[in-house]
Every structure is written in structure tokens, then in C-alpha cells.
Amino acid sequence: MEHDELDKLVICKKCHTLHEKIEIHEGTKALCSNCNTVIYRNHLNIIDTILALSMTALFVFVVGISFDIISINIAGINKEISLAGMIFTLFKAKEFAVGIILSFLLILFPLFINLSLFIIAFWIRFKLNGYLVKRVLIFLSHILHWSMIDIFFISVLVALVKLFGYSQISFGIAFYSLICFLILDIVLGKRVSFNELWLIYEKTYGYNAPTKKLKNF
């Protein structure tokens, strides 16, 4: 099968049934013909939504890594903790492997994912750089599931529960910024389907949709 023909196919994540992609109306969704799982959606104004959410997520994430997350006071000793400071401390302690891994999982991958979404949405919105949009989409597909900022934040909350009994804890601006970032990340995950992004890319840059094979509701 040629590469162009493979581009016309989409697989159901639940039952792995292979389908031809179809163009669907705004506000509708394409369902698997075998198990009725939603394969992709066509949200209203999805490009503008991605632009707004990804730009806001980038802003609050930069704030989240630039300022203190929490300040802990134990027996008169005060310690501020920030995400960037934690990474720097690991490198200072010569824990280079752990520092590099955490740098990618907690900072670089979340930053690249949201930056890629913003670039894709911006270029599609103004129909610019079709070739580069495809390259960024491919890059995004490789890193999409490697962001671990949510796991890190949950770990911080668990640690705070154990510290509340014998220390004084105050929350910094980065704490609230990361909460906002996680909410935006969840909303983006719910609103944006990777298959939908491909369909929008193909439609914007002159792709002819194949014949209808999925159920359209």
C-alpha cells in the first residue's frame, strides 16, 4: 500500500478496526463501525480554541516554572521550592541523568507540546507553511504522551499532606499557575483529537477526503 493511501486510514484505539477517514460536519463525530467508539470529532471553531488554550497554557506554564511553587518553614528554617530550582539542584549535585530526564518530562515536553499546538493552529488558521505543519504534527505525535507534569504535581500534593503536621507551608504563584496549566491541559486533551488535527491539515492544504465509511452523528 502506498504512503498516500495509508494517510487516508484511521484506526480505532479500542478495537483496532481500520477505517477510511471521512469529512464530517461541524459539531459531529465519527464513530467506529464495529464498536461505536468515537474516533475523532469536528468541534466548532476548533482552531481558534486551540490557539486560545495553547497560548494561555504556555503563559501560565512559563510562570509555573519561573517562580516558587511552595515555601516551607520548619523550625525557623525557610526553604522555597521551584521546578527550575529543583532541576538546577540535581545538576549541581551531579545527578545528571536524573536531571536530564526530569528536564524533558517536566519542562521541555510540556513546553514543546503546547508550543507545537500553538504553531500548528496559527499556521493552519492563516494557511501558512503546509510542509512545516506536517513536520510539526509528526513531531507532536512522538512527544504527545511524554509530559509528566501532572504526575509531578500529584506527587507534590501527596508530599504536602505529610508535611502539614510539623511545618508551615505557603503556596507561591507557581502553584496556582501549574493548577491552571493542568486544567488547560485536560481541556485541550478533551477538545483536541490528533486525528482531527490531521483531517483539518488535509482539508486546509488541499486534501480530498475519501468516501464515507464511518457513521456520522
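# A walk through the helices

Serine 103 sits in helix H4. The model is predicted. Serine 103 is buried, because its relative accessible area is 13%, and the cut-off for buried is under 20%. Leaving aside residues up to four places away in sequence, Ser103 touches Ile87, Phe91 and Leu108.

The chain has eight helices and eight strands. Its C-alpha atoms fill a box of roughly 70 × 35 × 30 Å along the principal axes. Of the 217 residues, 40% are buried. Take the contacts between residues at least 6 apart in sequence: 66% of them join residues at least 24 apart.

Now back to H4 and its partner H3. How do the two helices pack, and at what angle? The angle between H3 and H4 is about 160°, and the axes are 8 Å apart. H3 and H4 are therefore roughly antiparallel to each other. The crossing of H3 past H4 is left-handed. On the H3 side, the contact uses Leu83, Met86, Ile87, Leu90 and Phe91. On the H4 side, it uses Phe96, Val98, Gly99, Ile100, Leu102, Ser103, Leu106 and Ile107. By class, the residues of the H3–H4 contact are 11 nonpolar, two polar and no charged.

Next comes H5. H4 spans residues 96-125 and H5 spans 130-143. They pack at about 150°, with axes 10 Å apart. That angle makes H4 roughly antiparallel to H5, because the cut-off for that class is over 145 degrees. H4 passes H5 in a left-handed crossing. From H4 come Phe109, Phe112, Ile113, Ser116, Leu117, Ile120, Trp123 and Ile124. From H5 come Leu132, Val133, Val136, Leu137, Phe139, Leu140 and Ile143. The tally for H4 with H5 is 14 nonpolar, one polar and no charged residues.

The loop between H4 and H5 holds Asn129. Asparagine 129 has a positive phi of about 50° although it is not a glycine. Most residues other than glycine have a negative phi. Asn129 is partly exposed, at a relative accessible area of 39%. Asparagine 36 is another such case, with a positive phi of about 65° although it is not a glycine. Asn36 lies in the loop between strand S3 (28-31) and strand S4 (38-42). Its relative accessible area is 43%, and Asn36 counts as partly exposed.

H2 passes H7 in a left-handed crossing. Among the H2 residues in this contact are Ile46, Thr49, Ile50, Leu53, Ala57, Val60, Phe61 and Gly64. The H7 residues include Ile173, Ala174, Ser177, Leu178, Phe181, Leu184, Leu188 and Arg191. By class, the contact of H2 with H7 has 15 nonpolar, five polar and one charged residues.

Arginine 191 is in helix H7. At 30% relative accessibility, Arg191 counts as partly exposed. How far apart are arginine 191 and threonine 49, in sequence and in space? They are 142 residues apart in sequence and 8.6 Å apart in space, C-alpha to C-alpha.

Last, the nonpolar cores. Which residues touch the most other members of the largest nonpolar core? Among its 48 residues, Ile69, Leu83 and Ile149 do. The elements giving two or more residues to this core are helix H2 (46-66), strand S5 (70-74), helix H3 (83-92), H4, H5, helix H6 (149-163), helix H7 (173-191) and helix H8 (194-204). H4 gives the most, with 10 residues. Beyond residues up to four places away in sequence, Ile69 touches Gly64, Ile81, Ser82, Leu83, Phe152, Phe171, Gly172, Ala174, Phe175 and Leu178. A second, separate core has nine residues, including Ile24, Ala30, Ile39 and Tyr40.

Note on methods
Residues are numbered from 1 along each chain as its sequence is written. This is a predicted model: local features need pLDDT of at least 70, side-chain atom pairs count only at pLDDT 80 or more; totals for chains, interfaces and linings use all residues. Side-chain values use heavy atoms; hydrogens and water are left out. Axes are lines fitted to C-alpha atoms, for helices over the stretch in contact, and angles run from 0 to 180 degrees between N-to-C directions. Helices (H or I, at least four residues) and strands (E, at least two) are DSSP runs, numbered from the N terminus. Angles under 35 degrees count as roughly parallel, over 145 as roughly antiparallel, 65 to 115 as roughly perpendicular and the rest as oblique. A crossing is left-handed if the near helix is turned anticlockwise from the far one by less than a right angle, and right-handed if clockwise. Contact means heavy atoms within 4.5 Å. Ala, Val, Leu, Ile, Met, Phe, Trp, Tyr, Cys and Pro count as nonpolar, Asp, Glu, Lys and Arg as charged, and the others, Gly among them, as polar. A nonpolar core is a set of buried Ala, Val, Leu, Ile, Met, Phe, Trp, Tyr and Cys residues joined through side-chain atoms within 4.5 Å. Buried means under 20% relative accessible area, exposed over 50%, partly exposed in between (1.4 Å probe, protein chains only).
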